[in-house]
Amino acid sequence: MNIEISQIANLPSKFGNFKVKSFKEPYQNGYREHLVIYKENLETIPIVRVHSECLTGDALGSLKCDCGEQLEYALELAEKTNGMVIYLRQEGRNIGLLNKINAYALQDEGLDTVEANHQLGFAADERTYEIVTYILHHFNISKIKLLTNNPDKINSISDVEIVQRVPIIMKPNSHNAGYLDTKKNQMGHLLEEE
Ligand SMILES: [Zn+2]
């Protein structure tokens, strides 16, 4: 993979003081610029969150999904446990922002998130995770504890040993309860408290 890697910079944030490093990945006809947010004194086997971009949830406080809350939780936990958040620029489960908004419009008409994606000609989930292995190897990390409810994510990260799955459970609200049900019942997410 011909990946361009940035310098390391400081990112003081309301969650704590982090280091950041960006990875520019050639993708289709362009590229995707990912961001790794991590503590300088990383644990040997760190808790790692792999978060896929969700502009509406991460930046706008959308209540249609749980992404924003999950991201905040992951950053808080990274600060507490000397962990890492890998922020992947694959908006809308990798169908892009414009298509995601079209999917939302279909959801406004009553389709669920999976049906809406299918109607637009996409799979329920188009995300890929090869770059995660590349990034972890770059940091000389061979074992992680993965912060996720998504068993598919465990299987899609190769050549890195996942010694533990750490659940990330957010309380549903009236807007995202249906979405979370679809994730649990149709996409195999493990959303029970453990
Ligand atoms: Zn979201």
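Where is the place of Ile101? In this predicted model, Ile101 sits in helix 4, which covers residues 97-108.

Together with Leu55, Leu60 and Leu97, Ile101 forms a nonpolar patch on the surface. The accessible area of these four residues together is about 340 Å².

The metal site comes next. The zinc ion is coordinated by the SG atoms of Cys54, Cys65 and Cys67, at 2.2 Å. In sequence, these donor residues follow the spacing C-x10-C-x1-C. Cys54 lies in the loop between strand 5 (47-52) and helix 1 (55-58), while Cys67 belongs to helix 2 (residues 67-81). The pair is 13 residues apart and links distant parts of the chain. Cys54 and Cys67 are both buried.

The overall dimensions can be read from the C-alpha trace, which spans about 50 × 40 × 30 Å along its principal axes. For 194 residues, a compact globule would have a radius of gyration near 16 Å, and the protein chain agrees because its own value is 16 Å.

Of the 194 residues in the protein chain, 47% are buried. Among contacts with a separation of 6 or more, 59% are between residues 24 or more positions apart. The protein chain exposes about 10100 Å², and carbon and sulfur atoms supply 48% of that area.

Technical notes. Residues numbered from 1 in each chain as written. Predicted model: local features only at pLDDT ≥ 70, side-chain atom pairs only at ≥ 80, totals over all residues. Heavy atoms only, no water. Patch = residues over 30% accessible without salt bridge, like charges linked within 9 Å, V, L, I, M, F, W, Y side chains within 5 Å. Areas by Shrake-Rupley, 256 points an atom, 1.4 Å probe, with all protein chains shown as cover. Salt bridge = Lys/Arg side-chain N within 4 Å of Asp/Glu carboxyl O. Helix = DSSP H or I, 4+ residues; strand = E, 2+ residues; numbered from the N terminus. Rg over C-alpha atoms; globule rule 2.2 N^0.38 Å. Buried < 20%, exposed > 50% of the residue type's maximum accessible area, 1.4 Å probe, protein only. Contact = heavy atoms within 4.5 Å. Donors = N, O, S within 2.8 Å, 3.2 Å for Na, K, Ca; no water.
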